[in-house]
Amino acid sequence: MEFNFIAHNIIALSELREISKLKQQYWNYSIESQIEWFKNNLHDDDIHLVLKDNGLVIGYLTIVDVVVKGANFQHNMLGIGSVC
């Protein structure tokens, strides 16, 4: 088994397609619409964490920078999304 941390600005389209196939098992969106979502919602320095077993994507999540704001504070944090 292997874990791959891949910055969004360098991930290959073929890798995004494989990720989208896994996500499609949990969310009823076409692969092309998922590719478009990645393009429109992730930033260059966001991270794709891909878990593979014998070359097959079996797990996935994104790690993204987020800003949490309150009445008297603002903190930069990491968010996790697209968990599958």
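Predicted model: local features only at pLDDT ≥ 70, side-chain atom pairs only at ≥ 80, totals over all residues.
Modeller: Let's start with R17, which makes a salt bridge to E32, with the closest N and O atoms 2.5 Å apart.

Biologist: Which helices do R17 and E32 lie in, and how many residues apart in sequence are the parts they tie together?

Modeller: R17 sits in helix α1 and E32 in helix α2, so the pair links parts separated along the chain. R17 is partly exposed at 30% relative accessible area, and E32 is partly exposed too, at 47%. As for the helices and the spacing, they are α1 and α2, with the parts 15 residues apart in sequence.

Biologist: At what angle do the axes of α1 and α2 cross?

Modeller: Residues of α1 including L13, L16 and I19 meet a set in α2 that includes I31, I35 and F38. The crossing is right-handed. The two axes come within 9 Å, and the angle is roughly 115°.

Biologist: Which residue forms a salt bridge with K52?

Modeller: A salt bridge needs a Lys or Arg side-chain nitrogen within 4 Å of a carboxyl oxygen of Asp or Glu. For K52 the closest N and O atoms are 3.2 Å apart, and the partner is E15.

Biologist: Are K52 and E15 buried or exposed?

Modeller: K52 belongs to strand β2 and E15 to helix α1, so this pair ties together parts 37 residues apart in sequence. The cut-off for buried is under 20% relative accessible area. By that rule, both K52 and E15 are buried.

Biologist: What separates E18 and K21 in helix α1?

Modeller: These two form a salt bridge as well, with 3.3 Å between the closest N and O atoms. E18 is partly exposed at 35%, and K21 is partly exposed at 44%. They are 3 residues apart in helix α1, so the separation is about one helical turn.

Biologist: How many salt bridges does the count come to?

Modeller: We've been through R17 with E32, K52 with E15 and E18 with K21. The count comes to 3.

Biologist: Now D46: which side chain of opposite charge is nearest?

Modeller: D46 is in the loop between α2 and β2. It is buried, yet has no salt bridge. The nearest side chain of opposite charge is 12 Å away, and it belongs to K23.

Biologist: Which backbone nitrogen does the side chain of D46 reach?

Modeller: Beyond its neighbours within four places in sequence, D46 is in contact with I6, A7, H8, I63, V64 and D65. Its side chain also reaches a backbone nitrogen at 2.8 Å, that of H43.

Technical notes: Residues numbered from 1 in each chain as written. Heavy atoms only, no water. Helix = DSSP H or I, 4+ residues; strand = E, 2+ residues; numbered from the N terminus. Buried < 20%, exposed > 50% of the residue type's maximum accessible area, 1.4 Å probe, protein only. Lys, Arg positive; Asp, Glu negative; His and termini not counted. Polar contact = N/O pair within 3.5 Å; in protein donor to acceptor, adjacent residues only side chain to side chain. Contact = heavy atoms within 4.5 Å. Axes fitted to C-alpha atoms, helices over the stretch in contact; angles between N-to-C directions. Left-handed = near helix turned anticlockwise from the far one by under 90°.
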